[in-house]
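Open the model in your viewer and keep the sequence panel beside it. This tour tells you what to select at each stop and what to look for there.

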Amino acid sequence: MAKEELIEFEGLVTEILPDTRFRVTLDTGHEIIAYTAGKMKKNRIKTLAGDRVIVEMSPYDLEKGRIIFRHKETNSGGPSRRPPQRQQFRRR
């Protein structure tokens, strides 16, 4: 195993902590503390409690990780995100 090799896990964000850190429960059942990767901060990708994420971890410290991807929700229960329709005016 190379020194730079990282391990990726899928998990669920369970709690938002101060300093842009998150408590993530991995699919394996372990709980870790994770922070947002720089590319996600740069592109302003928000992470909320309940989001499915991919976490990157070092094999040397399996208690901390970096969130590198947030999965999009396929079935959002909210309204569709269409722009509002313009009101039609009558000409006289």
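**First stop: His30**

Select His30. Leaving out residues up to four places away in sequence, His30 touches Val24 and Thr25. Touching, or contact, means heavy atoms within 4.5 Å. His30 sits in the loop between β2 and β3. Is His30 buried or exposed? His30 counts as exposed, because its relative accessibility is 53%. The cut-offs are these: buried is under 20% relative accessible area, exposed is over 50%, and partly exposed is in between, with a 1.4 Å probe and protein chains only. His30 and Leu62 are 32 residues apart in sequence, yet 9.5 Å apart in space, C-alpha to C-alpha.

**Before going further**

This is a predicted model, in which local features need pLDDT of at least 70, side-chain atom pairs count only at pLDDT 80 or more, and totals for chains, interfaces and linings use all residues. Residues are numbered from 1 along each chain as its sequence is written, and side-chain values use heavy atoms, with hydrogens and water left out.

Colour the chain by confidence. The score is pLDDT, the predictor's confidence in each residue, from 0 to 100. The protein chain averages 85, and 79% of the residues score at least 70. Among the elements, confidence is highest in β2, at 96, and lowest in helix α1 (residues 38-42), at a mean of 88.

**The whole chain**

Switch to a cartoon view. The protein chain has 1 helix and 5 strands. Helices (H or I, at least four residues) and strands (E, at least two) are DSSP runs, numbered from the N terminus. Read from the N terminus, the order is β-β-β-α-β-β. Buried residues make up 22% of the 92 residues.

**The barrel**

Select the strands. 5 strands close into a barrel, in the order β1-β2-β3-β5-β4, with mixed pairing. From one strand to the next, the twist averages 50°. That angle is taken between N-to-C directions and runs from 0 to 180 degrees, with axes as lines fitted to C-alpha atoms, for helices over the stretch in contact. Two strands pair if DSSP finds at least two bridges between them.

Walk through the pairs:

- Strand β1 (residues 7-17) runs antiparallel to β2, joined by 6 bridges. Here Glu15 stands opposite Arg23 in β2.
- Strand β3 (residues 31-36) pairs with strand β5 (residues 61-70) in the parallel sense, over 4 bridges.
- Strand β4 (residues 52-58) pairs with β5 in the antiparallel sense, over 5 bridges. A hairpin of 2 residues joins β4 to β5.

**Thr36**

Stay on Thr36, in strand β3. Thr36 counts as buried because its relative accessibility is 7%. Leaving aside neighbours within four places in sequence, Thr36 is in contact with Thr20, Phe22, Lys41 and Ile67.

**The nonpolar core**

Select Val13, Phe22, Val24, Leu26, Ile32, Ala34, Met40, Val53, Val55, Met57 and Ile67. These 11 residues make up the largest nonpolar core. β2 (21-26), β3 and β4 each supply at least two residues of this core. A nonpolar core is a set of buried Ala, Val, Leu, Ile, Met, Phe, Trp, Tyr and Cys residues joined through side-chain atoms within 4.5 Å.

Pick out Leu26. Which residues does Leu26 contact, leaving aside neighbours within four places in sequence? They are Phe9, Glu10, Gly11, Ile32, Val55 and Met57.

**The loop between β1 and β2**

Select Asp19, in the loop between β1 and β2. Asp19 is not a glycine, although its phi is positive, about 60°. Asp19 counts as exposed because its relative accessibility is 69%.

Move on to Thr20, in the loop between β1 and β2. Phi of Thr20 is near 50°, a positive value in a residue other than glycine. Thr20 is partly exposed, with a relative accessible area of 46%.

**Last stop: Glu4**

Select Glu4, in the segment before β1. Glu4 counts as exposed because its relative accessibility is 65%. How many residues apart in sequence are Glu4 and Ser58? They are 54 residues apart in sequence, and 8.2 Å apart in space, C-alpha to C-alpha.
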